[in-house]
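The sequence and the structure are shown first.

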Amino acid sequence: MSAGAAADGFYTIEVLEGALSLDGQRLQTTFRSHFLLDRTKGAISHQSGAMEGLICQNRTRLCHRATGAEWMRIQNVGDGADWTEWRPYESVTSWASQPGVPVLVQYHAAQSASFMVGDCVGDGLKPCYASWHGHMFLRGEWNEWGQGADGSMEKIDHFTWASNVSFTKFTKSKLAPYPGSWEKSYGLHPERELLYNLPSFDPRSQTFAVEPYLSGTEASAAWMRRKDRWTANQGIASGAEFAQELWLNHLCTAAPPKCIPEANAQWQCHGFKPGQDQEWCRSAGVVGCMEYQENDQSAAMSSCGGCSCCARKVNFVDSGPNQTCCILFNDLLLNYTVTSDLTRCAPKHVQVEGTTTTTTAWLRTCSPRPLTLEEARMSGSTMTSPFYLGSQENAVTLQESLDWSRQRIGEAETNFAAELREPSPESWEDQVFYSILVDRFANGDISNDDSNIPDFQREQMKSKQPWSVQQWRHGGDLHGIKTRLSYLRDLGVTVLALSPIFLNSDGNYLGSCTTDLTSVDPNFGNKEILRELVKDAHSMGLRVVLDVQVNHACGRGLKYLGSSNNVDGVNLCVQSSEESYWNTERGEPLNEYGRSRMGWGDSLPAFLRHQSFYVRCGPAKLYRPGGQSFTDLPPENATAKEGGLLFPEIFQEDHFELNSMDPVLQELYTNMLKFWIAEVDIDGYRITAAAHVTADFTAYLSTHLRFYATALGKENFYIVGEVDQASTPYGASYLGRVQPGEGPQLLPKRVQGVMEELCQYYSALPQQSPGLLSSYPLQEAYHIRNTVLMGGEHAMDLYENKNTFEAVQRSREALSRGQPALALAAAESQRMRRLLSHAPGELWRLQIAMAWSFTWYGIPDLASGIEQGLNGLCYRNDQERMEMKKKMEEEHIPGDVAASILANCDYQALGQQTDGGFWHQDSFLGGPMRLGSAVPRVNDQVGILGRLMGSSGPHWCEDPVLDRQNQAFHLARALIRMRRSCAALRSTQDVAASGTFSEQLAYWKLHDAEAGSEQPLGMLVVLNIVASPSTAASKYTLPEQLPYKEGQAFIDLLQPERLAAVFTDANGTRNLLVPAELTPSHVAIFAPVEAAVEETRATG
């Protein structure tokens, strides 16, 4: 029979008894073998375990492909589920499967029932993963056998479970499929010897010797390793009742320890061998798997009798630095893998008919777009909006606006063609940010001081009555920053983050409501000055990042036409917008019912004059779902609360919210930001108020800006956003991979749509994720500020208070969707009053907060002036208030005006209601509002003027408001250098260090795995949050993963005369002991003494 004519199925080959072999021996019995011919890639010929399409016809049938099968049985996976009886094989079976519940089918063919396949179909008929069990848990000594943490594993592929676990030593574990139960478990089948030889009737049995076979999982694994089919990372488990625990370890292998410990090993008498004597016994310690020790006649060594030298089997296992390992377990084949490659534990993709559908947290990747400039220039290109509302409301058409924005990018590239672009830093983790409020930092060009000031300021300057001087523009500009670059380099910062510098037609000094992203505000300079600033900064090793605001627009005369919405109208409009966000396709127009119409005024640029670009619901104060403020809604009303953050005017009623779901607006804004990358070579963006735009926009913006920057040669372009995870219901969806652990199906439909669109672009990037790279650890920042101000009694609540710890963990989990190491850690910011406004002369409080930002996870971010101890106070007491009023009157400010200004600056009376303008004092001599400082030399310059700077100020070296000899400046510079040198301080790993004193925040920073071996594995940070730190002895527990032994010396890097040492207490706990009577310190950073190098840099 020819092969081509053979039907699919099993065939048998039979050789009868008596047939001769090639060596002439006669076959003693009949030989029979089977083979399968299958042209359909069925379940038996292609044993992959998974068979997509098994569940068919809308989950009502099973469509089998198992050529050669004779019998079969079926089971739905789940607790209590069981197999059907064996039934004859059929091609289609009536079977109702449940969404997300795997179905298993076992086939019997050729006398074997080892053929198993599975399939899974979820909601919306989307594929999911098949498995033998509904759950899988990894339990062991490391998690108290499931009591400390349940050890739940994630299903990342068909029949494959995964978990990332950290180890510091060899540890026993087992796998179990049922929550809280050991009814079934998987471990190691111990080796046992079996002897299989030729049968006795075969004459060769007398002369053919064979090695005995070993059975058991370890024997099978050893055979696979000998044949080079497996590595030491792979093993096989057994579900037998007598299966023993399997070994996991810090080396990320499946190998057991070299010496299996014996928990109750007894000391036995040791007889000396040649070359051994009593001196050898005293010093031998551990040799091989035996421990030797001189008999001390103690009760513990009584089993050794009267022998002078005793020995016992080791009762400990090898240990080492903390290492996170990926554990994989196939619950069909029972194979397991232990590896340091954590990407192996990332979910795979379900392949269905040539497409890829993501069904778990692992983000989908696609064939990447080519990273060329031409491609990047047009990335994100959008067709004209489907909801174009007519030319009567638009100065130009939507398409013309898009074409114009694309053309500008090419023009910017041409403008910069003669210059060399600065590549991105290889790592942002070792950078230090310095956030500058441009208007209040330095005035380098007095000629532009009144180029764009508010109308009220112009009137007050003309009348010489500066009632609102705190809200004036004070004259700081880009040229002023340029003149202070050498000061900033001397301080040691590496990244300048500039407050919004784009045109604000109202002249707001914060620049927080942009009118035109295409123009630099003339009060700050122009694009030529900006380019010079960036170029000079780059030449000094500094990077420049711009703050940008994309959630609302402002303009003179911009307003709602006709009567605005009432409470019911705003509620309906917001609810309609939220419904559209979650349940309509990308690009679908908003329902116009209940939306107001915009009047454009005279300053808004033509490209923003489109009704479709604005939500048009009304002010947030009128959004009252259920009759209450949306900010008071309970957590379960997450979407209603989210609607209040996204759609009404939430900041001010003349700050009109943009419809950030509009694809045309998304491309337009992205193109305007691409322009500044091309035109002036900036290094990154910080998106202010990112939580007030929809997550589809932040993903679109982040992906296309990074794609474009990468094509320009800036492969590590920085883009983060301001998202308060505590107040933003779905805050994590703005970051990194965007989608939650359950997969993209839980995202708003608009976000799902943009993820599909972006896949080919983010897949081309070094960081293959669409969202913002990171955000801010705001929960910890709030905690440290409150602790520093209120006293340190609750400092360790960060670790020890359940509510605080859980809030921080939720924030960290959200940040982990992106890159926590790129978060910006700041104890002071432009959005908060100066920390020292609460405690004017207590510089130590500021130093503690600053030290926290340098030793926590993320990138430290210094608010300008923090190194000068600025406190934002006009006066500290009544005497100073009287003196300040007198000075102001001498400057020709009318008495009633002076009194009003000082009353508005009364922090003691007004508290948090103090006008925010006073939070932002001038940092340059001649500025109209030079306020207080904890640094005496800077505080001597306090003064409020009724005019702007009349002449150029001194060089920064001679400016008395820049004191480089003060404690805060020196601490900032020291912390910058330490952080740059010590990898542990840049780590995202911190562990509480329980200490002696309550008014301390103490934590260990643990060394990241990728850093060099010469780096310390751990460093201790101690923040003493009390005016007069104690000089009594103190001790701090060492994390188990640190290998430091008794006697290891540590040194305080800030005060090298302060030394500490590791000791072990009576309970066997290792501690770091800081002796008594050392110099008191508010901030201590301890490192192993051998890792410390004395710095000889001058401090002048």
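Which residues of the largest nonpolar core touch the most other members? In this predicted model, they are Leu478, Leu498, Ile501, Tyr614, Tyr685, Leu1001 and Leu1023, out of 177 residues in that core. Helix H12 gives the most to this core, with 11 residues. In soluble globular proteins, nonpolar side chains tend to be buried together.

| Core | Residues in core | Members, including |
|---|---|---|
| Largest nonpolar core | 177 residues | Leu478, Leu498, Ile501 |

Leaving aside residues up to four places away in sequence, Tyr614 touches Ala553, Met598, Trp600, Leu604, Leu608, Phe656, Glu657, Leu658 and Asn659.

Helix H12 (residues 663–680) also meets helix H9 (residues 527–539): their axes come within 9 Å and cross at roughly 60°. H9 is therefore oblique to H12. On the H9 side the contact involves Lys527, Leu530, Arg531 and Val534, and on the H12 side Phe675, Trp676, Glu679 and Val680. Five of the residues in this contact are nonpolar, three are charged and none is polar.

According to the unreviewed UniProt entry, residues 435–900 carry the annotation "domain: Glycosyl hydrolase family 13 catalytic".

How values were computed. Residues are numbered from 1 along each chain as its sequence is written. This is a predicted model: local features need pLDDT of at least 70, side-chain atom pairs count only at pLDDT 80 or more; totals for chains, interfaces and linings use all residues. Side-chain values use heavy atoms; hydrogens and water are left out. UniProt positions are given in the numbering used here, feature names are shortened, and annotations may be inferred rather than shown by experiment. Axes are lines fitted to C-alpha atoms, for helices over the stretch in contact, and angles run from 0 to 180 degrees between N-to-C directions. Helices (H or I, at least four residues) and strands (E, at least two) are DSSP runs, numbered from the N terminus. Angles under 35 degrees count as roughly parallel, over 145 as roughly antiparallel, 65 to 115 as roughly perpendicular and the rest as oblique. Contact means heavy atoms within 4.5 Å. Ala, Val, Leu, Ile, Met, Phe, Trp, Tyr, Cys and Pro count as nonpolar, Asp, Glu, Lys and Arg as charged, and the others, Gly among them, as polar. A nonpolar core is a set of buried Ala, Val, Leu, Ile, Met, Phe, Trp, Tyr and Cys residues joined through side-chain atoms within 4.5 Å. Buried means under 20% relative accessible area, exposed over 50%, partly exposed in between (1.4 Å probe, protein chains only).
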